Amino acid sequence: MEVVLRKYQDTDIPSMVKIWNHVVQEANAFPQIEQLSEEGAKILFDSQTFTGVATVENQVLGVYILHPNNIGRCGHIANASYAVSENYRGYHIGEKLVRHSMKVARESGFLLLQFNAVVSTNAGAIHLYEQMGFHRLGVIPKGYLLGNGNYENIIVYYIEL
C-alpha cells in the first residue's frame with residue numbers, strides 16, 4: 001500500500017469531513033463537539049498553516065491540520081491534530097501524518113511541536129508520541145469531557161523540531 005502525503009485539495013473535503021466527524025463523534029480525542037459541514041471544513045482547513053492528507057490511489061485515509069499553538073513570542077511553537085479513517089487504523093497512517101507534519105512544521109519555521117490535550121485513554125496516540133521521542137510535560141486532571149459524560153485526564157507533549 002503506497003501512501004502519499006500531500007496538501008489537501010478541495011476534492012478531498014467530503015472524505016476529510018467524514019473522517020474528522022467520526023473522530024469528533026467518538027468523543028475521546030478531539031475537543032470539538034460540533035460536526036463539520038463541508039463549508040465549515042473548507043474554512044477550517046484553509047485557515048491552517050498547512051492541512052495535509054494521507055492518500056492511497058487518491059482515497060483519503062487520514063488528515064491533519066498544523067497551525068501555531070500560540071501567538072507572538074510563543075508563535076514558534078506549532079500544534080497539530082490528526083484523524084485516521086477507522087478502517088485504516090493500525091496501518092501506521094497516523095505515524096506518517098505526524099512525521100509529515102513535523103517536516104512541514106520545520107519548513108514553516110516552527111521550532112517545536114506541542115500537543116495540549118492528549119486524552120489519557122488514547123493509548124495508540126500515547127504509544128506513538130512516546131516512541132517518536134515526544135516529551136511528556138505533565139497531566140491535567142479531568143481535562144477532557146468524554147462522550148459518556150465522564151472526565152478524563154489529558155497529557156501535554158512536545159518535541160523539538
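Me: Is E130 buried, exposed or something in between, and what is its relative accessible area?
Reply: In this predicted model, E130 has a relative accessible area of 37%, so E130 is partly exposed.

Me: Okay, and which residue does E130 form a salt bridge with?
Reply: That would be R136. The closest N and O atoms of the two are 2.7 Å apart.

Me: What about R136, how exposed is that one?
Reply: R136 is partly exposed too, with a relative accessible area of 44%.

Me: How many salt bridges turn up in the whole structure?
Reply: Seven, when the whole structure is searched.

Me: Can you show me another? What does R89 pair with?
Reply: R89 forms a salt bridge with E26, and their closest N and O atoms are 2.9 Å apart. R89 sits in the loop between β4 and α3, while E26 belongs to helix α1, so this pair ties together parts that are 63 residues apart in sequence.

Me: Nice! How accessible are those two?
Reply: R89 has a relative accessibility of 36%, so it counts as partly exposed. E26 comes in at 30%, which also makes it partly exposed.

Me: Switching topic: what volume does the largest pocket have?
Reply: About 990 Å³. Its lining has 38 residues, and the closest to the pocket's centre are Y82, N122, G124, A125 and Y129.

Me: Which helices and strands supply at least two residues each to that lining?
Reply: The helices are α1 (13-26), α3 (93-107) and α4 (123-131). The strands are β3 (59-68), β4 (77-84) and β5 (112-119).

Me: Last one: how many of the lining residues are nonpolar, polar and charged?
Reply: The lining has 21 nonpolar residues, 14 polar ones and three charged ones.

Note on methods. Residues are numbered from 1 along each chain as its sequence is written. This is a predicted model: local features need pLDDT of at least 70, side-chain atom pairs count only at pLDDT 80 or more; totals for chains, interfaces and linings use all residues. Side-chain values use heavy atoms; hydrogens and water are left out. On a 1 Å grid over the protein atoms alone, a cavity is a set of points where a 1.4 Å probe fits but cannot get out, and a pocket is an open set with protein on both sides within 12 Å along at least five of seven lines; lining residues have an atom within 4 Å of a point. Grid points are joined across faces, edges and corners, and a volume is the space filled by probe spheres set on the points. Helices (H or I, at least four residues) and strands (E, at least two) are DSSP runs, numbered from the N terminus. Ala, Val, Leu, Ile, Met, Phe, Trp, Tyr, Cys and Pro count as nonpolar, Asp, Glu, Lys and Arg as charged, and the others, Gly among them, as polar. A salt bridge is a side-chain nitrogen of Lys or Arg within 4 Å of a carboxyl oxygen of Asp or Glu. Buried means under 20% relative accessible area, exposed over 50%, partly exposed in between (1.4 Å probe, protein chains only).
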